[in-house]
Amino acid sequence: MAASAHVSTIRSLYKRILVVHRFLPIHLRALGDQYVKEEFRRHKSAAPDEVKSFLTEWENYKNTLQAQVLESAGRQRGAVTFGADLPEETLSQFQDEQIGQLYELMLESTKPSKQFNIHEDSR
């Protein structure tokens, strides 16, 4: 019974993150959705202590992004910034692989020419 509650909690967080992503610009949404799917898949068989940390960080991500989306909805026009700077003490705890992943994510999310060129159908 506890295992099904745990799975339900994880699935619920995963779905809530994807819902918040719907409010992002299309290129960030696509990038975010792909990253979330890969990370949740990658941690399916993680150790319990790693899972606790994983869920805490993703819950923080969801809360931060949700607040930024709500803030952006209240603005008229203008640039909206999503995300947050990571404190140095947090970065120092990352493994080399995580630093590499973070760097790749930063490069992808800050590309000057967008990866997607989406046009609305005018029919």
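Visitor: Is Arg29 buried, partly exposed or exposed, and what is its relative accessible area?

Guide: In this predicted model, Arg29 has a relative accessible area of 29% and is therefore partly exposed, since that class lies between the cut-offs of 20% and 50%.

Visitor: Which residue does the side chain of Arg29 meet in a salt bridge?

Guide: Side chains of opposite charge can pair when their charged atoms come close. Here the partner of Arg29 is Asp33, with 3.7 Å from N to O, and both residues lie in helix H2, 4 residues apart, which is about one turn of the helix. Asp33 is buried, its relative accessible area being 15%.

Visitor: How many salt bridges does the structure hold, and which parts does the pair of Glu59 and Arg16 tie together?

Guide: The structure holds 4 salt bridges. In one of them the side chains of Glu59 and Arg16 meet at 3.2 Å, N to O; because Glu59 lies in helix H3 and Arg16 in helix H1, this pair ties together parts that are 43 residues apart in sequence. Glu59 counts as partly exposed at 25% relative accessibility, and Arg16 likewise counts as partly exposed, at 35%.

Visitor: Which residues gather in the patch of positive charge on the surface?

Guide: The patch brings together Arg11, Lys15, Lys37, Arg41 and Lys44. Helix H1, spanning 2-21, and helix H2, spanning 26-42, each supply at least two of its residues, while Lys44 is found in the loop between H2 and helix H3, the latter running over 48-74. With 71% relative accessibility, Lys44 counts as exposed.

Visitor: What secondary structure does the protein have, and what share of its residues is buried?

Guide: The protein comes to 5 helices and 0 strands, so that its elements read α-α-α-α-α from the N terminus on. Of the 123 residues, 19% are buried, and the accessible surface comes to about 9,800 Å², with 52% of that area belonging to carbon and sulfur atoms. Among the contacts with a separation of 6 or more, 55% are between residues 24 or more positions apart.

Definitions and conventions
Residues numbered from 1 in each chain as written. Predicted model: local features only at pLDDT ≥ 70, side-chain atom pairs only at ≥ 80, totals over all residues. Heavy atoms only, no water. Patch = residues over 30% accessible without salt bridge, like charges linked within 9 Å, V, L, I, M, F, W, Y side chains within 5 Å. Areas by Shrake-Rupley, 256 points an atom, 1.4 Å probe, with all protein chains shown as cover. Lys, Arg positive; Asp, Glu negative; His and termini not counted. Charge placed at Lys NZ, Arg CZ, Asp CG, Glu CD. Buried < 20%, exposed > 50% of the residue type's maximum accessible area, 1.4 Å probe, protein only. Contact = heavy atoms within 4.5 Å.
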